[in-house]
Amino acid sequence: MSGSAEMDLRFPIGLLFLLLGAILTVFGVMTNTDPAMYLPSAGVNINLVWGIVLIGFGLVMTGLALRATMRRTRRGV
Amino acid sequence: MTQITSLDYVVMAIYFAVVLGIGWALRRRMRTANDFLTSGRSLPPWVTGLAFLSANLGAQEVIGMGASGAKYGLATAHFYWIGAIPAMLFVGIFMMPFYYGSKARSVPEYLRLRFDEKTRTLNAIAFAAMTVFSSGVSMYAMGKLLNLLLGWDFDTSVMISAGIVLAYVLLGGLTSAIYNEVLQFFMIVFGFAPLVWIGLKNVGGWSGMTAKLATAATARGLPEYAYTNVWQGMGSAATNSIGIEWFGMVMGLGFVLSFGYWCTDFLVVQRAMAADSMTAARRTPLIAAVPKMLFPFLVIVPGMIALAMGDHVIPAKLTAAGTPLMDSLGHVVLDYDLATPMMLVKLFPTGMLGLGLTALIASFMAGMAGNVTAFNTVWTYDIYQAHLKPNGSDDHYLWMGRVATVGGIALSVAAAYVAGAFNNIMEFLQLVFAFVNAPLFATFALGMFWKRSTGHGAFWGLVAGTVAPAIHHGISLAAGAVPGVKGGYFGAFLRYPSEMAQTFWTAIAAFATCFVVTIVVSLLTAPRSDAELEGLVYSLTPKPVDDVRHWYQKPSVFALAVLAGMVLLNVLFF
């Protein structure tokens, strides 16, 4: 049994970061009009910026997992 | 105290739900004791590689390295660029063939195959005690920190985190611990990378930080490069922030402590032994070495930024009465362990703060779970099966593995309440490792590469190698320390400029004693025949054949590339 055959770890990792990224992005957009909130983080809306980064990483992980699943299905495994 | 909002709690809750979900999803795969304790040798190398790294990402890494970054500056990167990396490459290329190839289920079990039962038992007991202790220290640090930062109740924090680790390890065994370690790895990277980015922005980038740290260094009577360079000033203990000269650094940290830890500590080696093939097992530490090389920027730099931001970021250590602690010269003693957590709290707005705190808690849990899964295996196979109940059924050992998981966590919680006399967790752990781990590399190196070494030699070498550092510690004292837990309990005959120097030389004493005693006793006792040692000793084992298609996929080529990267980093930050 290969570890990835029964449970591809990239799925839960990808989904976790997609979800966390979405929450931070939405919150970042909502608070974008509040510059005082982002004074400590050097004026960067870190929730928005980092939320997008997390979504990107989540997409890459789920994408890799999906590709592996499709390859296995095609091979009929 | 920081106010965290419900959004931060939501981020934490999602993470814990996924952690427990992974354990839940794996529960049906735990059919035999080997599934539970060794993952049935089934995992791909990228998973075991990241877990290899993550199992070590406990309290001493994230909090301790940040603390040392604030205390010693970039010189702390020696723990990586001369410490961990060469040792990780060595274990992957030269030692993994014996660990994995011998079919041993644990590091102590390899010692039984190569030497004898008594050597294994000595190592197993010392190791089991150390894992419980490390896990307890980690838990104590977390409880204290969450109490200080967020006002959470110490007992509740300890119980909840212990409960979560217990749940996912009980459900999914080592596989669950390893999968969660991979998850924790990404949490830590994504939680701390923005801290470094925002932190550097705050102090005017790398050059701004360098300028500010130069001022801080001069103010403490050190050369201005002391906090931002790794090798300059290593010629003498007086011209660098760690207070040690290059020889003690390279031998003590680079050779003895790092090789002793990365090459023989079952906590990390267990991850590689869970890999699905020999090549995967050998690649495990090599894959781990790539991110490890860059970790100083993630875990040390936040401490350096805290130092650069000025005195107000790192709070004073408090006495039992709640007043700032003063040293013998009347200066306030800073609580360096708070450097990284304070950075999180000061720089992150709500939302990101939840992510950062989750990453921090994840790091504590990774360390805890790593210790517990190593403990339950060593207890079940090397102590229980070896001495208490040799011929039990597999179901019985699976049951024992689960009982040991509960017992290990209960003991860790107990240890958490005992820990806490040192102002820097990492130095404390290094001290424990000096007694237990430092002589081990001598035993394994001689066992793997010198076929003449014998069981009696290894056993007495280890005993002498554990007593020697205790004696050395007892007769030496660091500048400014008082005799007691910091050494000098037999009288302060040797003086060191810093605790770190004392620790490194303690380790050197342990290694040298073990090495010499093992050789002498081995030569006086009867060796085993060559046939018995096949697969266990370098000269009597066929070289492993790499099942790879191209030359550049060979573990040795990969290792050379990592080595080149390490040399480059040392040169860049010389």
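Q: Which hand does the crossing of H9(B) and H12(B) have?
A: This is a predicted model, and in it H9 (residues 205-219) and H12 (residues 278-308) of chain B pack against each other. Their crossing is left-handed.

Q: At what angle do H9(B) and H12(B) pack, and does that count as oblique or roughly perpendicular?
A: The axes of H9(B) and H12(B) sit 9 Å apart, and the angle is about 55 degrees. Roughly perpendicular would take 65 to 115 degrees. So H9(B) and H12(B) are oblique.

Q: How many nonpolar, polar and charged residues does the contact of H9(B) with H12(B) have?
A: On the H9(B) side you'll find B:Trp206, B:Met209, B:Lys212 and B:Leu213. They meet H12(B) residues including B:Phe297, B:Val301 and B:Met304. By class, that contact comes to 9 nonpolar, no polar and 1 charged.

Q: Is B:Gly58 buried or exposed?
A: B:Gly58 sits in the loop between H3 (45-54) and H4 (59-72) of chain B. Beyond its neighbours within four places in sequence, B:Gly58 touches B:Ser363 and B:Gly367. Its relative accessible area is 2%, and the cut-off is under 20%, so B:Gly58 is buried.

Q: Which residues of chain A lose the most area to chain B?
A: The contact takes 30 residues from chain A and 34 from chain B. Together the two chains bury about 2800 Å², 85% of it on carbon and sulfur atoms. On the chain A side, 20% of the buried area comes from the three that lose the most: A:Met7, A:Leu9 and A:Trp50.

Notes: Residues numbered from 1 in each chain as written. Chains lettered and ligands numbered in written order. Predicted model: local features only at pLDDT ≥ 70, side-chain atom pairs only at ≥ 80, totals over all residues. Heavy atoms only, no water. Axes fitted to C-alpha atoms, helices over the stretch in contact; angles between N-to-C directions. Helix = DSSP H or I, 4+ residues; strand = E, 2+ residues; numbered from the N terminus. Parallel < 35°, antiparallel > 145°, perpendicular 65-115°, else oblique. Left-handed = near helix turned anticlockwise from the far one by under 90°. Contact = heavy atoms within 4.5 Å. Nonpolar A, V, L, I, M, F, W, Y, C, P; charged D, E, K, R; others polar. Buried < 20%, exposed > 50% of the residue type's maximum accessible area, 1.4 Å probe, protein only. Buried area = accessible area lost by both parts, 1.4 Å probe.
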